[in-house]
Amino acid sequence: MLQVNVELQERRYPITIGAGLLSQVESYQPLKAGDRVMIVSNPTVAEHYLATVRQTLETLGCVVDEVLIPDGEAYKTLDSLNLIFSALLAKNHNRDSTLIALGGGVIGDVAGFAAAAYQRGIPFIQIPTTLLAQVDSSVGGKTAVNHALGKNMIGAFYQPISVIVDTNTLHTLAKREVSAGLAEVIKYGAIFDLPFFEWLEEHIDALIRLEQDALEYCIQRCCQLKADVVARDETEKGDRALLNLGHTFGHAIEAHLGYGRWLHGEAVAVGMLEAAALSEILGDLDAKDVARLEKLIARANLPTISPDGMLPEAYLPYMWRDKKVLGGKLRLILLKELGKAYVYSQGKEEQVLEAIARFTQQ
Ligand SMILES: NC(=O)c1ccc[n+]([C@@H]2O[C@H](COP(=O)([O-])OP(=O)(O)OC[C@H]3O[C@@H](n4cnc5c(N)ncnc54)[C@H](O)[C@@H]3O)[C@@H](O)[C@H]2O)c1
Ligand SMILES: [Zn+2]
């Protein structure tokens with residue numbers, strides 16, 4: 001078992017990482033006998049893990065309620081939020097109750113926002129069950145639901161009191177989802193940490209096989225890197241933006257295809273390559289580093305080329321709509337070298353198109 005502490009100005013909270021944590025009462029600290037909890041999950045995750053979480057909390061002496069929202073990004077909505085509020089109110093939960101998010105990033109984001117808003121804020125515990133949620137969305141306190149006019153448009157910064165990462169949950173996760181999570185893992189190495197990138201080059205096969213030691217170390221390292229950047233910049237006014245490496249390109253792919261065709265991590269994988277290519281065009285990254293990134297992404301069973309039929313020009317309208325656009329120039333996260341990202345605010349269309357073209361089918 002490993003632990004990472006997220007240190008924020010007002011308080012700190014632990015992320016505990018290990019195999020089998022869901023069935024150990026100690027994992028759920030600071031919950032104690034007599035506490036009331038509401039578990040938020042979806043039918044897919046509930047089928048595998050809800051009974052274990054419920055039983056363990058009951059052994060601890062907690063009083064447990066549950067509410068399920070339908071599975072999928074399409075249900076990351078105000079309606080789902082309302083389902084959670086209705087369940088809390090129907091069972092007379094008050095400000096002493098704790099909300100538990102049991103699921104992937106969708107459940108974490110919706111339940112986190114519900115916890116932020118219910119009676120102006122109740123304690124919240126994250127139990128992320130996808131690799132993406134374990135290394136990324138459960139850390140850092142961003143919560144949100146989607147609006148018909150935009151993704152993640154309604155939300156809040158709201159930190160959990162604890163994050164419990166049981167690596168055993170990954171054994172029921174689809175392989176494609178594991179790979180999508182690995183895209184974010186590779187991202188951390190590329191942005192912040194060349195030694196971790198090198199470690200990934202050695203251990204990517206072990207990670208795909210879900211070998212325990214490799215998984216634990218990997219998740220801990222990613223959580224630490226994210227916790228550090230969140231501690232420096234909780235509300236994304238500076239450094240935290242670096243976590244968006246590959247995301248402006250990736251969002252264009254997701255939006256062009258229609259959300260859900262490619263997984264987010266798959267789009268980010270190609271987006272990182274395009275960002276790396278632009279970094280090379282600008283004279284920062286060596287061609288061999290771009291090739292190294294490409295090889296690692298391919299070994300993680302992620303795509304390394306733009307979707308069929310998507311031409312470089314098709315990226316532009318989405319990229320201009322990005323929240324990071326400033327003063328008529330594209331603002332992008334690029335690499336000075338592997339392990340060192342920076343914000344580039346002079347993005348010009350011709351260079352961006354040239355970079356994308358390197359990873360487009362001819
Ligand atoms: N808050 C943040 O900082 C942040 C960061 C990144 C992403 N996100 C959000 O996270 C969401 C994506 O999260 P995700 O990739 O985890 O997707 P997801 O929550 O939709 O989970 C993917 C699929 O796996 C299933 N699943 C989850 N755990 C499982 C398990 N252990 N076994 C079997 N099936 C399981 C889910 O039910 C779902 O069908 C997006 O909405 C994105 O906006 C938020
Ligand atoms: Zn992402």
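## Polar contacts of ligand 1

In this predicted model, a nitrogen atom of ligand 1 lies 2.9 Å from a polar backbone atom of lysine 142. An oxygen atom of ligand 1 is 3.0 Å from a side-chain N or O atom of lysine 151. For threonine 172, a side-chain N or O atom sits 2.7 Å from a nitrogen atom of ligand 1. Alone, ligand 1 exposes 870 Å², and the protein buries 85% of that (Shrake-Rupley areas, 1.4 Å probe).

## The shell around ligand 1

Ligand 1 is surrounded by 24 residues (a heavy atom within 4 Å). The closest are Glu73, Gly105, Thr129, Thr130 and Thr172. By class, the shell holds five nonpolar, 10 polar and nine charged residues. Here Asp, Glu, Lys and Arg count as charged; Ala, Val, Leu, Ile, Met, Phe, Trp, Tyr, Cys and Pro as nonpolar; the others, Gly among them, as polar.

## The second largest pocket

This pocket contains about 200 Å³ of space. Its lining includes Met1, Gln3, Pro14, Ile161 and Ser162. The lining residues divide into five nonpolar, six polar and one charged.

A pocket is an open set of points on a 1 Å grid over the protein atoms alone, where a 1.4 Å probe fits, with protein on both sides within 12 Å along at least five of seven lines; lining residues have an atom within 4 Å of a point. Points are joined across faces, edges and corners, and the volume is the space filled by probe spheres set on them.

## Basis

Residues are numbered from 1 along each chain as its sequence is written, with chains lettered from A and ligands numbered from 1 in the order written. Local features need pLDDT of at least 70, side-chain atom pairs count only at pLDDT 80 or more, and totals for chains, interfaces and linings use all residues, while side-chain values use heavy atoms, leaving out hydrogens and water.

Methods
A polar contact is a pair of N or O atoms within 3.5 Å; within protein, one must be able to donate a hydrogen and the other to accept it, and residues adjacent in sequence count only if both atoms are side-chain atoms.
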